[in-house]
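Keep the structure open while reading.

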Amino acid sequence: MTNLNLSDEWNGILLKLKKWARINSPWAIHYNSGSCNGCDIEILATLTPRYDAERLGVKLQGSPRHADVLICTGPVTLQSRDRLRRIYEQMPDPKFVVAVGSCAISGGVFQGCYNVVGHIDEVIPVDAYVPGCPPRPEAIIDGLVKLLTALKQGDPPPTERPTELELENYDAATI
Ligand code: SF4
């Protein structure tokens with residue numbers, strides 16, 4: 001924006017416009033870093049007309065270079081770790097990450113596997129957590145709405161990773 005040689009006033013207006021557009025139509029990219037596909041199916045259901053995440057302006061993108069939000073599922077496998085990092089680095093700032101499912105939050109049932117190196121926030125920073133195995137579309141929409149509401153107020157949401165006990169209780173309650 002500095003290349004445009006705009007006055008401070010116009011720079012301020014452009015920043016406000018970009019923030020307004022981001023909040024009203026966040027473009028998202030989805031990455032499976034090792035999930036069993038259960039969470040991915042729920043994300044697809046979230047985007048279909050039945051749950052219709054597009055009514056919130058959420059649009060799925062094919063390229064990280066055009067995305068504001070990275071939706072991650074699964075634990076991080078050795079094979080996917082560098083790809084996850086590269087996708088995150090290719091996204092323009094400001095960028096936000098949503099970890100969907102117990103495996104993305106803690107490694108879940110894949111903890112300790114020989115090919116699993118950890119969970120999402122051990123590789124990239126996470127802004128919102130959606131627990132569940134798998135989380136329902138309503139829970140995924142709730143996570144996105146919380147993220148957007150916090151962004152509207154100016155800050156990313158407080159990021160507190162659910163504890164193992166909270167995850168176990170959550171999974172037991174949703175089975
Ligand atoms: S949280 Fe459950 S559904 Fe999602 S990737 Fe892990 S095992 Fe599969």
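Strands β3 and β5 (residues 96-100) pair in the parallel sense over five bridges. Two strands count as paired if DSSP finds at least two bridges between them. Helices (H or I, at least four residues) and strands (E, at least two) are DSSP runs, numbered from the N terminus. The model is predicted, so to be listed local features need pLDDT of at least 70 and side-chain atom pairs pLDDT 80 or more, while totals for chains, interfaces and linings use all residues. Residues are numbered from 1 along each chain as its sequence is written, and side-chain values use heavy atoms, with hydrogens and water left out.

**The sheet**

On its other pairing, β3 meets strand β1 (residues 27-32), again in the parallel sense and over five bridges. Specific partners can be picked out. Cys72 stands opposite Ala99 in β5. Thr73 has Val100 as its bridge partner in β5, and Asn32 stands opposite Thr73 in β3.

These strands belong to an open sheet of five, in the order β2-β1-β3-β5-β7, with parallel pairing. The edge positions go to β2 (59-60) and β7 (128-130); each has a single partner strand, so one side of each lacks a neighbour in the sheet.

How many residues of β3 are buried? Five of the five residues in this strand (residues 69-73) are, so β3 is largely enclosed by the rest of the structure. Buried means under 20% relative accessible area, exposed means over 50%, and partly exposed lies in between (1.4 Å probe, protein chains only). Val69, Ile71 and Thr73 point one way from β3. Leu70 and Cys72 point the other way.

**The chain as a whole**

The protein chain has six helices and seven strands. Along the sequence they follow the pattern α-β-α-β-β-β-α-β-α-β-β-α-α. Of the 175 residues in the chain, 43% are buried. Contact means heavy atoms within 4.5 Å. Among contacts between residues at least 6 apart in sequence, 81% join residues at least 24 apart.

**The cavity**

A search of the whole structure finds one cavity of 30 Å³ or more. A cavity is a set of points, on a 1 Å grid over the protein atoms alone, where a 1.4 Å probe fits but cannot get out; lining residues have an atom within 4 Å of a point. The volume is the space filled by probe spheres set on the points, with grid points joined across faces, edges and corners.

Ile43, Thr46, Leu47, Ala53, Ile71, Ile140 and Leu144 line the cavity. Helices α2 and α5 (137-152) each supply at least two of the lining residues. The largest share, three residues, comes from α2. The lining divides into six nonpolar, one polar and no charged residues.

Val58 lies in the loop between α2 and β2. At 4% relative accessibility, Val58 counts as buried. Leaving out residues up to four places away in sequence, Val58 touches Pro26, Ala28, Ala53 and Leu144. The C-alpha atoms of Val58 and Ile23 are 9.3 Å apart, although 35 residues separate the two along the chain.

**Backbone exceptions**

Most residues other than glycine have a negative phi, and most peptide bonds are trans. The table lists exceptions.

| Site | Backbone feature | Loop |
|---|---|---|
| Asp93 to Pro94 | cis, omega near -10° | Pro94: between α3 (78-90) and β5 |
| Cys133 to Pro134 | cis, omega near -10° | Pro134: between β7 and α5 |
| Asn37 | positive phi, about 90° | between β1 and α2 |
| Asp52 | positive phi, about 55° | between α2 and β2 |

Note on methods: 1 Å grid on protein atoms, 1.4 Å probe; cavity = no way out; pocket = protein on both sides within 12 Å on 5 of 7 lines; lining within 4 Å. Nonpolar A, V, L, I, M, F, W, Y, C, P; charged D, E, K, R; others polar.
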